[in-house]
Every structure is written in C-alpha cells, then in structure tokens.
Amino acid sequence: MTHTYYVKGMSCSGCEMTVKKSLEAIEGVSKVVANAKEKTAVVEMSQHVPFETLKTALEGTHYTLVTSLEEATSAPKPQASTHNGTGVYYCPMRCEGNKTYDHPGHCPVCGMDLVEQVSTESLKGGGQEQQKRQELRRQFWGAVAFTLPIFIIAMGGMWHGNPMYRLMPVTYWNWVQFALSLPVVFYYGWTYFVRAWVSIKTLRFNMFTLIGIGAAAAWGFSVVALCLPDSLPEQFKEHGSVPLYFEATTVILTLVILGQLLEANAHGRTQEAVRMLLQLAPNTAIKLIGEEEKEVPVEQVVKGDLLRVRPGAKIPVDGRITTGMATIDESMITGEPLPVEKQTGDTVSAGTINGAQAFVMQAEKVGSDTLLSQIVAMVQQATTSRAPIQKLADRIAAYFVPIVVAVSVLTFIIWAVFAKEHAYEYALVNAIAVLIIACPCALGLATPVSVMVGVTKGARQGILIKNAEALERMKQVDTLIVDKTGTLTEGKPSVRVLIPWAGYNEQTLWPILYGVNKSSEHPLAKATNTYAAEHGIIPLAMTDFKALAGRGVEATYEGKHYYFGNDRLMQEIGATLTEGQLSQVTEAQRQGQTLSFLAIEKEVIAAVAIADKVKDTAAQAVKALQEQGITVVMLTGDNPITAQAVAQQLGLTHYKAGMLPEDKQKEVQHLQQQGKIVAMAGDGINDAPALAQAHVGIAMGTGTDIAIESAQITLVKGDLGGIVKMRTLSEAVVKNIRENLFFALVYNTVGIPIAAGVLYPFFGILLSPMLGALAMSFSSVSVITNALRLSKK
C-alpha cells in the first residue's frame with residue numbers, strides 16, 4: 001500500500017534525505033520518496049503503519065508530517081518568546097545549503113548550535129545569540145566549579161604524602177570524584193551526549209559523535225572500575241587497582257563547552273558588519289504634517305511622506321530632496337570617503353548622514369525596500385550560500401567520522417595486543433584520545449566563515465555579493481565584458497546639438513521629438529526629454545508608442561509614423577542619408593558623440609548629437625584590470641565611430657559596436673566556448689541576458705532593477721573601480737579558505753596519529769585525552785580567527 005503525506009519544513013535535498021532515512025527506519029515501511037519542492041513524502045508500506053507513528057519518527061529532525069499542503073506551506077504560528085530576535089536561524093557550516101530554521105537548537109546534520117540571523121529586532125533586544133552566549137558562560141563556569149576539584153583529587157595521587165589522604169582514604173576520594181562528575185555529565189555536558197545519540201540514530205556522524213563516544217567510554221569505564229573493579233581484566237589494573245578517568249571525562253566536556261563558547265563569540269564577530277549596517281538606520285524620523293513637525297518611529301513612515309532631515313542627522317528612508325540642498329556622507333553605503341553634493345530632485349539613501357544643512361525630502365522607499373535593507377538582505381543571502389570549494393570539504397567530512405572511529409578501534413586493538421605493560425589501560429586512553437582530538441568542524445567551518453567575512457567586507461566597500469560562488473569565481477575571471485552607456489560612461493547623456501534637415505527648424509522639431517520620446521525609458525531618449533522639459537517645450541500628442549529593442553522608438557501622429565533611433569532603425573524603415581548628412585554625422589561621431597535620428601515615414605528630418613561623459617575612474621579601472629591579466633572587451637549598441645572614440649580614450653583594443661541584447665549574450669557564449677571565464681558588467685535592461693549568461697554578472701547600482709536582479713554582484717556606486725576591489729577581495733577570500741582547509745587537514749592528519757601513539761616508540765610521548773579536547777576546541781576557533789583577519793586587510 002502507498003500513502004502520500006506532506007512534510008512541513010522540508011526545503012532541500014538534505015531535508016529529503018533526513019525524512020527518507022527517518023521514515024524508512026520504521027518497521028513496515030519499505031520505501032519513501034521525499035520531494036522538497038512538492039513538500040510530499042510518498043510512503044510505501046508492507047503493512048499498515050499509523051500516521052502518528054510516522055509523525056513521531058520525524059520528531060527532533062526539524063520536520064513535521066502533516067496531512068495537507070496548506071499545513072506544510074503555512075507560516076509558523078507566532079509563539080510567545082522570551083527573547084527578541086528574528087526567529088530565523090541557520091547552521092554555521094551550511095550543512096543543508098541555505099536552509100533556515102524558525103527556532104533555536106542544533107543542526108540535525110553536524111550538531112552545531114544554530115546561529116540567529118542579525119536583525120533590527122535582535123539589536124534592540126539582545127537577541128537569542130546573546131542569551132546563548134550567556135547560557136554557555138554559565139555552563140562553562142558551572143562545569144569548571146565541579147571539574148576543578150575532580151582534577152585536583154585525581155592529580156593528588158602523584159603527590160607523595162598528600163595530606164588529603166589523611167582525611168579520607170583514596171577509595172572515598174574516588175567516590176567524591178564520581179559524585180562531582182554527575183552534574184558535569186548529566187547537566188552541563190548532557191546536550192553533547194544527546195547530539196551524539198541523535199547523530200548515531202540518524203547515521204549523520206559529526207564531531208559530537210566522537211565526543212559523545214569518547215567521553216561516555218571514559219566515564220562508563222570509570223563507573224565500572226569504581227563499582228565492580230574485579231569484573232575487569234588484570235591488564236587494566238595498575239598497582240592492583242583500576243585507574244579512573246572521571247577527571248578526563250569532565251575536563252573533556254568542560255573544554256568542549258569552552259570551545260562552543262569561543263565559537264559563539266567568534267560567530268558574533270563575523271556578523272559584526274551586518275550589525276553595523278543595521279545600526280546605520282535611525283529609529284525615528286521627523287515627519288511634516290502641514291506646518292507642524294512630529295517625531296515618529298521610522299516604521300510609521302510611508303511612501304509620499306515629507307520628512308525634515310536636520311544637520312548631522314541620519315537619513316531615515318530612501319527618497320528625493322524636495323526643498324533645499326545638502327552634502328551627504330555616503331561612505332557607509334558606497335565605501336567612498338568624500339561627501340556628495342545633493343540638489344533638489346536628487347535621491348538620498350537611508351542610513352547616510354546629512355552635512356551642515358537641513359533639507360526636506362519625500363519618502364520613496366521604506367522598510368525592506370530601502371537600499372540599506374536590500375544590502376542587508378543580500379549580505380545575509382550570500383553568507384548562507386555555499387562556495388564550490390566547499391564541496392571538497394564536504395566530500396572529506398562525509399567519510400571523516402567513520403574513518404576516525406575505525407582508527408580509534410584499531411588503536412585500541414594494536415595497543416591491547418602489542419603493549420608490554422598496562423596494555424588495556426594504554427589502549428583505552430589512546431583510543432579515547434583519537435576520538436576526542438579529531439575535529440570535523442574545523443573542516444566544515446573553513447569555507448563558510450571566510451565567505452561570511454568576505455561578503456560583509458564587500459558590503460562595507462559598496463560591493464554587494466549575492467552568492468558565494470560569484471565571490472570565488474571572480475578570482476578565475478580572465479575576460480571582462482563591459483557595456484558602454486552607464487558602465488564606462490556616466491549614463492547621464494545630454495543633448496549637444498540638434499541638426500535640422502529637410503527644411504525643418506528647431507522650433508518645429510522639438511515638439512515632434514519630445515512627443516516621440518516622452519514614453520521612452522532609454523537614456524538617450526531621456527536626454528532629449530530633459531532638454532525639452534527644461535526649455536518649456538510642449539510635446540505633440542503621439543499615440544501607438546512602441547519601444548524597439550536595441551534600435552529606438554516608434555509613434556503615430558495624425559496618421560503618420562514617426563521614428564527616433566539609431567542608423568539600424570533608419571535602415572529598417574528604408575530611410576537613407578545624403579552624403580552631406582553622412583559627413584555631418586561622421587564629424588560628430590569622431591568627437592565621441594552619439595547620433596540618433598528623427599524620421600517621418602521614410603524621410604530623415606533631423607539628427608540629435610548626444611554626448612555621455614566617460615566616468616573619471618573608468619580609464620584607471622580598465623588599466624588596473626588589464627594589469628591583472630584580464631582582457632577588457634567593450635560591447636555597445638552605439639555606432640562604430642563613437643565606439644572607437646570611447647575605446648581609444650580608455651585604452652581598449654577589444655570592442656564591438658552595433659550590438660543588440662541578443663548579440664551581447666551570444667558574444668558571452670562565444671567567449672565561454674573558447675574556454676574563457678567571463679564576467680559581464682552592465683546597467684541596462686538590454687544587458688540583462690548577457691549578465692545572466694556570464695559566469696559572473698556585475699550590475700551597476702545606478703542601473704535598472706532588471707539588470708541588478710540578473711547579476712550576482714552589484715556595485716552600489718556604479719563605479720568600475722569596484723570590480724578591481726572585487727577581484728582583490730575574491731583573491732583574498734579564496735586564499736583564506738585554502739589556508740583554513742590546509743590548517744584543518746594538517747591538524748587532523750598530524751593530531752590523530754599522535755593521539756594514537758605513533759610517537760611513543762620513538763620518544764615515549766603519549767597524548768592525554770584532556771590535551772586532545774583542548775586542541776579540538778581551539779582548532780575550530782583558530783579557523784574562525786583566521787577568517788576574521790580578512791576584515792582587517
């Protein structure tokens with residue numbers, strides 16, 4: 001029989017595997033097919049299994065079996081909370097990709113504590129992360145309070161004539177050790193045994209599997225040795241008594257708690273940049289209601305509200321200046337240190353700081369729509385993504401724990417067979433040391449912590465990175481394709497001259513030109529519209545407007561068809577230029593001006609010369625990229641003469657003109673087929689196909705929403721110099737990840753054999769499980785600390 005159920009919380013292939021394994025472990029279930037996309041679990045049964053039994057099997061896995069799709073896809077019900085925070089948690093090792101959880105706890109795969117995403121709410125109330133660190137501190141000092149006496153008692157046996165033994169015999173002190181170990185094992189450190197048991201039950205072995213087995217073996221052996229010493233073989237005995245390992249157990253657990261505390265503190269530092277971004281936005285705004293000013297929470301500001309921004313104040317939301325002028329410090333958004341002059345009509349962004357002049361602004365984007373909120377959202381999205389290099393660590397980690405357990409068993413057997421004295425004692429201690437010193441978490445953390453620090457550093461420099469793959473891939477890029485308008489140039493073209501032909505004059509041409517272009521969003525059309533509006537020109541009431549991608553626009557007036565666009569459009573409609581007209585056009589193009597033509601039916605009646613200034617930093621950025629070995633190629637829809645003029649100005653030898661959107665995409669494909677790693681930088685709708693096709697798409701933050709959505713990286717300021725910074729950041733992050741992986745691999749490769757006792761035959765050196773626990777705890781912290789160095793470079 002086959003039944004279909006729905007699973008709440010299932011969102012990836014890792015979730016599917018967990019649900020499948022958990023349900024197939026039930027007697028009577030022969031096969032399970034889980035589908036995260038459909039939220040379904042198809043269960044084949046050899047005999048009837050009650051729904052409640054199936055549901056119970058998923059307890060503790062973060063997934064819930066339900067009977068309807070509505071329940072599976074519904075948002076979690078609000079619950080009373082003892083903390084303020086986002087209620088969104090993720091695994092720091094990204095075991096299940098970008099999967100998040102709606103409650104605190106530990107990752108079902110690696111066992112690590114889930115980390116809360118930073119939010120404005122968590123900043124106000126301290127958040128779950130702060131409470132977790134306080135709880136870990138309490139656990140650590142509580143464990144220390146019981147572990148320290150055990151350690152002193154255990155070490156007292158090495159002190160000849162120890163006065164403690166005058167108070168009580170050694171046997172009684174052993175019972176004291178046992179009593180003191182109970183709170184450490186069953187209270188302060190109990191959660192790590194629970195995680196170990198869950199990992200064994202689900203066959204998802206991790207660091208806590210090793211800690212749990214090692215600590216449980218040491219404590220269990222000690223209890224047997226204390227209560228039933230005669231039941232143990234003589235090989236375990238030393239001077240007629242069996243040694244106890246209560247101090248090893250409690251020290252191991254205490255050091256594990258210390259390691260968790262240090263990791264929690266380190267994770268807190270990796271999110272510092274996001275906290276700083278969130279703290280940029282003010283909590284209140286001054287709202288103008290008629291002639292009155294009222295201070296309101298920023299959450300109450302809505303689109304269209306007029307707000308007064310006082311000197312030195314932070315701007316509360318995105319908007320446009322309606323009255324006054326200002327000097328704005330935008331360094332926290334763009335990474336540029338110099339303040340920017342703003343006039344009436346200019347845009348301002350939330351979180352930036354006003355200079356010495358007050359002004360009035362109109363709110364245009366509020367809440368999650370502001371640039372600052374989008375930056376925070378993009379940073380958090382990127383930090384939960386997985387870099388390709390992490391696949392190596394994942395492959396190693398998949399086999400790591402079973403291999404370590406096998407090495408531990410082998411260590412016990414070899415010592416038990418070949419040791420000349422105290423064979424079983426050495427065998428047990430060394431086997432436990434192998435389990436305790438191994439640290440798969442150092443491998444698992446090597447990539448994600450470096451990605452998190454790199455992404456947040458990029459955000460501070462005005463570079464928004466959508467995913468870790470783009471961050472890693474940027475280092476490999478050898479070809480950069482750039483659009484001209486808005487990428488190499490300022491994207492603010494202005495009319496230089498209107499050239500009338502066919503007996504027309506400027507007075508009659510401008511109303512026609514304004515009428516044709518009024519509904520167009522193209523930068524060149526906007527330039528003519530701006531000029532016409534500034535000069536008080538009234539447009540003709542055109543109808544049947546059509547935007548012709550890569551060519552221009554078309555409209556109708558009094559039964560006649562009007563066209564405005566490039567020479568390709570003129571060729572399509574059969575409008576030809578005379579030799580005299582061509583001469584005028586060529587001369588303007590040699591000066592780097594772009595010519596667009598106005599035609600009625602098949603007759604060209606005017607040309608508009610429009611110039612778009614090359615960005616001041618473009619030439620320097622192009623040169624820096626070329627020095628890094630990157631081939632820079634300019635693709636533009638403009639004519640060949642203008643394209644050549646811009647290319648010469650920037651020192652570009654590779655360029656193509658007259659490119660339509662599909663041509664740019666095909667050029668990217670062509671270069672990729674040649675084995676090139678291609679990045680594409682653009683800002684317009686016409687760049688979106690090429691941005692999506694490229695290995696790395698880079699959008700100018702000053703461009704269209706479609707271009708930004710199609711790209712993996714956004715440069716907030718729209719400055720090509722950001723690509724140079726991005727390349728440098730990518731190299732630094734990849735280097736840091738490799739350092740972390742190298743350290744983690746070397747640590748485990750060297751540490752495990754030493755713990756197994758390979759140095760003993762040569763130097764008489766054995767590693768105590770307590771030292772192994774200390775090394776294990778600090779290995780993960782060392783990886784995180786190395787990643788944090790990125791933020792200081």
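Biologist: Which exposed residues sit on the face of helix 23 turned away from its buried side?
Modeller: That face carries E579 and R590, where exposed means over 50% relative accessible area and buried under 20%, with a 1.4 Å probe and protein chains only. This is a predicted model, in which local features need pLDDT of at least 70 and side-chain atom pairs count only at pLDDT 80 or more, while totals for chains, interfaces and linings use all residues. Residues are numbered from 1 along each chain as its sequence is written, and side-chain values use heavy atoms, with hydrogens and water left out.

Biologist: And which residues of helix 23 are buried?
Modeller: Those are Q581, V585, A588 and Q589. They lie on the same side of helix 23, because they cover an arc of only 100 degrees around the axis, the arc being that of the directions from the helix axis to the C-beta atoms.

Biologist: What covers them?
Modeller: The cover includes strand 23 (594–600), strand 24 (603–611) and helix 25 (640–650); helices (H or I, at least four residues) and strands (E, at least two) are DSSP runs, numbered from the N terminus.

Biologist: Switching to the sheet, what is the strand order?
Modeller: The open sheet of six strands runs 19-24-23-22-21-20 with antiparallel pairing, where two strands pair if DSSP finds at least two bridges between them. Strand 19 (494–500) and strand 20 (543–548) are the edge strands, each pairing on one side only.

Biologist: How many bridges join strand 21 and strand 22?
Modeller: Strand 21 (residues 552–557) and strand 22 (residues 560–565) pair in the antiparallel sense over six bridges, and T556 has H561 in strand 22 as its bridge partner.

Definitions and conventions
Contact means heavy atoms within 4.5 Å.
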